[in-house]
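Q: I have a structure open and would like to talk through parts of it with you. Could we go region by region?

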Amino acid sequence: MMARKQKKSIREQLILVFFYSSGTVKACPTARNEVTISFPKQAKRERQKQSAVAEMTDIVISIAATVGEYLVSPIRRQLRYLFCYRSYTDDLNKKVQELGRVRDDLQITVGDETKRAGYEIRPIVQEWLNRVDGITEVAEELMKDENMSCFNGWCPNFKSRYLLGKIAEEKAQEIVQIQNEGNFPHGVSDRVPLRNLTFKKYEPFDSRALILNKIMDAFGDDEIKMVGVWGMGGVGKTTLVKQVAEQAKQGNLFTTEVYIDVSWTRDLEKPQQGIAKIQQKIAEMLHLEFTGKDESTRAVELNHRLKKEKILITLDDIWKEIDLEEVGIPCKDDPTECKVVLTSRDLHLIRQYMDEETCFLIQQLPPEEAWSLFNKTSGCSLEKNLELRPIATGVVEECEGLPIAIVTIAKALKGKNVAVWKNALKELRTSAPTNIQGVKEKVYSCLELSYNHLESDEVKSLFLLCGLLGDGDVSLDDLLKYGMGLDLFDNIDSLEHARDRVVALVKILKDSSLLLDPFEDACNYLFEDPCFIEGWSFIFAEEDKGFVRMHDVVRDVCKAIGLKDHRFVVKEAVGLQGWQQRVHELGNCTRISLNCRDIHELPGGLVCPELQFFLVNSNQAFLRFPDFFFKEMKEVRVLRLCRIRGILKCPSLHLLSNLRTLCLHDCLIQKDIKILGELKKLQILSLVRFYFIVLPKEMSQLTDLRMLTLFGRDILDPENVISSLSQLQHLCIRAALRVSERGIARGVNNDFRYELKGLSCLRALELEMPVSSLLLDDVSVKNLTRYDISIGSISPWGGGYRHKRSSSRLILNVVDAQHLVRCFSRLLKTVEVLDLMGLNDTKHFLMSYTATVFLNSSICFSLRVVRCKTSSIQWTRNGSTHHIVPFLAWRNYGLEISSNCKQYGVAQFGLVGLPT
């Protein structure tokens, strides 16, 4: 009976607890208090029962609470959708606005990025923007249904409110998720893959694709309004800019691409005449009808149209400067998205419109691409044709990477037999491709336009002179010597002035794409070919290597122009039979350049009464001229001979009474050179690679001599001839004054200090003296503006430190420190490169001149001390001892300190790089 009552009591408590947890009953009061009296054992069992009941009660209460939560929460949420739907829609509206702001910020970034030429929005970014647009549209439609009701608004639509609240919550959560995914750490745009650049229908050229990419990047820069492309005629400028326009069109970078060929500007008498023509061409491309009749009104209309749209304008092959602002094309300072591309052969011309950073040079094709283009164009499968392949290789080499020549010649040889191919190669190598179809009309005429467009006769004359100097690189020294002899330069009062004029004219020819920079190994020619040994002259030390290069095809055109208009003849590899055949052809020539092959003696002279320039190179053998060779060429002004035997014993040489420039290189000059004294108008004399000569007193008659170069083994000047050359401005003696100490003791007057004292006009001195006791007097060098002086034991063909080109250099070997101070104090204040070897008192010299000269001069940038007695070099200032190496390093000097090792070598103690 008692157990049944307890079970009933427990059941009632559980029911009350359930309703209490569900919120139906606020409290569960105890109905009554019962007192139970029991015995100890019964009490123990009673307590155990009560404990078990309590544990069960806790478990049941926990289960009941969980069940209540899962039952009540969904009911409560469903009821909130119905009665609190407005809070859901307000929250949705808030999140839509936040998402909209994030989208707007991202779209600004996307807009800026995609305006850059060659960039497009990333697919993941576009997909995100599409999702944002989609969810925003759904949310806006959902919020339109917020006030739906029944019976004309008298009764709310509970079902619609319920669904509205529920969907609003779902969309708000989706918006939060989308917004969290809107972070793009890798950027919002990618570079558009550029299509491979092709030359018409042929394979792509990597060398051109690099420039195309740079131009496309320039389109993406808002600060760049104009881009220039320049290069020699026929190199592929037009092909490239057309490809650029096509690439821009495919990438939708511009609304319109306008291409205009303006090659007709070369025929304009006045640049103003081209304004109306360009205006009309652009208007036709844009379908623009001008209302104004004069150029200024049309310029305003065109300018207004170009500022409204993003337009690419290409003006191809411009020859004369035209004011684009007067045309109506927005200039670089105008707020416009319009871009302009200009092409020209003249760098100076396009530099008038833009900075040099946006001018791109198109060079010749590299050998691999040139071969590929020729192979494709000829259609002969040259890779498999063993008979034609070596001939084709030679033809491609002669074209030297010029596309117009490659394509023209390949088309002319297409389908022809082997004999035609061999003949074409021979004609190309002899610079006379008269029988190759299209070469003259397309290739030569294209390049001749560049020559005709040169403004002055002076620069045209220098261009033609370059064509006379054979294949390979051209020495600026040669251009100076021969130009002075031919009187090519107007209003020249000194050699330094002529030097500057040569540099200026060469710059014009380079900018006109008629001359190129030399190859990297240009200086190697100096020791491989004696005819180039004078290229080491320091007159052009500031001009890199002192050489320029002429493209093979351009040289052929230059020779053709010279032959046609000026009777210039250049013949390569002339044998004895060829000489006899051509001797009559040369009679009316004004300039002749010959390379003789395997001829030991010429059979007779030339009858050339109008000849002014005569250059002869004898390859391999030493050539001998007959005694009367110069009898009928009395107007010669420039004579340059290489490997000619006994030339100064030729009796007819003295008949060249108008000779201004005489250059004899490796000519086996004999001791007796008295004949030079009879060439009284001589201004430039260069004797290179002789073994022993004595300067005769007759040379004192050369009162107009301006430049003297003596480069050989031994030379004696017993009559003080050099000191009598009062007009001498440039003196070069390299490893030539090789006189022993014993010779001086016997009374031979070769103290070079006395030679220089009388040369008041001397401004440039190149000197190599193997005898260290023959030092210069400080007074003798006071007027020098350029000097390259090496004294001591030096190689007869140049010292080992010659790679440091400079206009003021001293290289001193085994020189007494006191003599150094006495003889070179003036030069030490202006020296740029100082090389001291075997100095007997290095410490005190450097201590003195570091404080008095170097520290107060920003000139010296290279100092080398080798094999000197002092290995620890210090100097003292204000009571503190300083090491010279770190001090000069602080002054940005290039410093190399070396001394003897126990072995036969040199140990370097410190090396500091040249200043940047």
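Q: Is P403 buried or exposed?
A: In this predicted model, P403 counts as buried, because its relative accessibility is 2% and the cut-off for buried is under 20%. P403 lies in helix α14, which covers residues 403-413.

Q: OK, and the whole chain, what share of it is buried?
A: Of the 916 residues of the protein chain, 50% count as buried. The secondary structure comes to 27 helices and 30 strands, and among contacts between residues at least 6 apart in sequence, 62% join residues at least 24 apart.

Q: Switching to L514, where does it sit?
A: L514 is placed in the loop between α19 (495-511) and α20 (525-528). L514 counts as buried, since its relative accessibility is 2%.

Q: Which residues does L514 touch?
A: Leaving aside residues up to four places away in sequence, L514 touches S450, Y451, L454, F463, L509, M550 and V554. As for E448, it is 66 residues from L514 in sequence, and the C-alpha to C-alpha distance between E448 and L514 is 10.0 Å.

Q: What does E448 itself touch, then?
A: E448, which lies in helix α16 (residues 439-452), touches V557, I561 and K564 when residues up to four places away in sequence are not counted. With K564 there is also a polar contact, made side chain to side chain at 3.0 Å.

Q: Next, helices α17 and α18: at what angle do they pack?
A: Helix α17 (residues 457-468) and helix α18 (residues 476-485) pack at about 115°, and their axes are 11 Å apart. The crossing in which α17 passes α18 is right-handed.

Q: Which residues make that contact between α17 and α18?
A: On the α17 side the contact is made by L462, L465 and C466, and on the α18 side by L479, Y482 and G483. By residue type, the contact of α17 with α18 divides into five nonpolar, one polar and no charged.

Q: Now the sheets. What is the strand order in the open sheet of five strands?
A: The order is β6-β7-β8-β5-β9, and the pairing is parallel. The strands at the edges are β6 (256-261) and β9 (359-361); each has a single partner strand, so one side of each is left without a neighbour in the sheet. From one strand to the next, the twist averages 15°.

Q: How many bridges join β6 to β7?
A: Six bridges join β6 to strand β7 (residues 311-316), and the two run parallel. Within this pair, Y259 stands opposite T314 in β7.

Q: Which strands does helix α7 lie across?
A: Helix α7 (residues 237-250) lies across β5 (226-230), β6, β7 and β8 (339-344), and the helix runs at about 165° to β6. Between α7 and β6 there is a loop, and N252 is placed in it.

Q: Last topic, strand β19: how many of its residues are buried?
A: Strand β19 (residues 684-694) is mostly covered, with nine of its eleven residues buried.

Q: Which way do β18 and β19 pair, parallel or antiparallel?
A: Strand β18 (residues 661-665) pairs with β19 in the parallel sense, over five bridges, and L662 stands opposite L685 in β19. Strand β20 (residues 707-716) also runs parallel to β19, and nine bridges join them; here S686 stands opposite T709 in β20.

Note on methods: Residues numbered from 1 in each chain as written. Predicted model: local features only at pLDDT ≥ 70, side-chain atom pairs only at ≥ 80, totals over all residues. Heavy atoms only, no water. Axes fitted to C-alpha atoms, helices over the stretch in contact; angles between N-to-C directions. Helix = DSSP H or I, 4+ residues; strand = E, 2+ residues; numbered from the N terminus. Left-handed = near helix turned anticlockwise from the far one by under 90°. Contact = heavy atoms within 4.5 Å. Nonpolar A, V, L, I, M, F, W, Y, C, P; charged D, E, K, R; others polar. Buried < 20%, exposed > 50% of the residue type's maximum accessible area, 1.4 Å probe, protein only. Pairing = 2+ DSSP bridges. Polar contact = N/O pair within 3.5 Å; in protein donor to acceptor, adjacent residues only side chain to side chain.
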